[in-house]
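Here is a friendly walk through a model, one region at a time. Keep the viewer open and follow along.

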Amino acid sequence: MGAQTRELTAHVPVELADKVDLVAGRLDRSSEWVMQQALSAWVDVEEERHQMTLEAVAEVDAGNTISHAAMLAWAESLGTATPLPLPRSGR
C-alpha cells in the first residue's frame, strides 16, 4: 500500500513550469514527479539549515565565539607568504 498523499497547489511563473516540463520529458517522468523530487530536496536543505542554525545559536550561547578582529586578520593573511592559522574559539 502506498503512502498517503495530499495535493498542494502553487502558482509558478510560466518559464519555471516550462522548465519543469522539459526536465520531466528528458527524464521520461511526469511533471508531478519532478515537482515532488524538487520539493523533497528543498525541504531537506531547509531542515538541515534550521538544525545548523540551532547548533550555531547554542555555540554562541555557550560563549564559543571568535572575535571579528581575529577573523579579519586571518582573512587578510590568506594569499600572503605567511597566512595565519585558522582562529579558534576561546573555549
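Predicted model: local features only at pLDDT ≥ 70, side-chain atom pairs only at ≥ 80, totals over all residues.

## Gly79 and the segment after α3

Gly79 sits in the segment after α3; helices here are DSSP runs of H or I with at least four residues, numbered from the N terminus. With a relative accessible area of 84%, Gly79 is exposed, where exposed means over 50%, buried under 20% and partly exposed in between, using a 1.4 Å probe and protein chains only.

Residues are numbered from 1 along each chain as its sequence is written, and side-chain values use heavy atoms, with hydrogens and water left out.

## Ser77 in α3

Is Ser77 buried or exposed? Ser77 counts as buried because its relative accessibility is 7%. This serine belongs to helix α3, which covers residues 68–77.

Leaving aside residues up to four places away in sequence, Ser77 touches Thr82, Pro83 and Leu84; contact here means heavy atoms within 4.5 Å. The Ser77 side chain also reaches the backbone oxygen of Trp74, at 2.7 Å. For a polar contact, a pair of N or O atoms must lie within 3.5 Å; within protein, one must be able to donate a hydrogen and the other to accept it, and residues adjacent in sequence count only if both atoms are side-chain atoms.

The 14 residues of α1 should span 20 Å at 1.5 Å a residue, and the end C-alpha atoms are 20 Å apart, so the two values agree. The expected span is 1.5 Å times one less than the number of residues in the helix. Asp21 is found in α1 and is partly exposed, at 43% relative accessible area. The side chains of Asp21 and Ser31 are joined by a polar contact of 2.7 Å. Asp21 and Val34 are 13 residues apart in sequence, with their C-alpha atoms 8.5 Å apart in space.

Next comes Asp28, which follows α1 and lies in the loop between α1 and α2. Asp28 has a positive phi of about 55 degrees although it is not a glycine. Most residues other than glycine have a negative phi. Asp28 counts as exposed because its relative accessibility is 70%.

With 31 residues, α2 reaches 45 Å from its first C-alpha to its last, close to the 45 Å expected at 1.5 Å a residue. Just after α2, Gly63 takes a positive phi of about 85 degrees. Ala56 also has its place in α2 and is partly exposed, with a relative accessible area of 41%. Between the C-alpha atoms of Ala56 and Ala75 there are 21 Å, and the two residues are 19 residues apart along the chain.

How many salt bridges does a search of the whole structure find? The search finds one, a salt bridge being a side-chain nitrogen of Lys or Arg within 4 Å of a carboxyl oxygen of Asp or Glu. Arg49 forms a salt bridge with Glu46, and their closest N and O atoms are 3.4 Å apart. Arg49 and Glu46 are separated by about one helical turn because they are three residues apart in helix α2 (residues 31–61). An α-helix has 3.6 residues a turn, so residues three or four places apart point the same way. Arg49 is partly exposed at 47% relative accessibility, and Glu46 is partly exposed at 27%.

## A nonpolar patch

Leu8, Leu39, Trp42 and Val43 make a nonpolar surface patch of about 400 Å². Leu8 is found in the segment before α1 (14–27) and counts as exposed, at 57% relative accessibility. Patches are made of residues with over 30% relative accessible area and no salt bridge; like charges are joined within 9 Å, and nonpolar side chains (Val, Leu, Ile, Met, Phe, Trp, Tyr) within 5 Å. Accessible areas come from the Shrake-Rupley method with a 1.4 Å probe, and for residues only the protein chains shown count as cover.

Conventions. Helix = DSSP H or I, 4+ residues; strand = E, 2+ residues; numbered from the N terminus.
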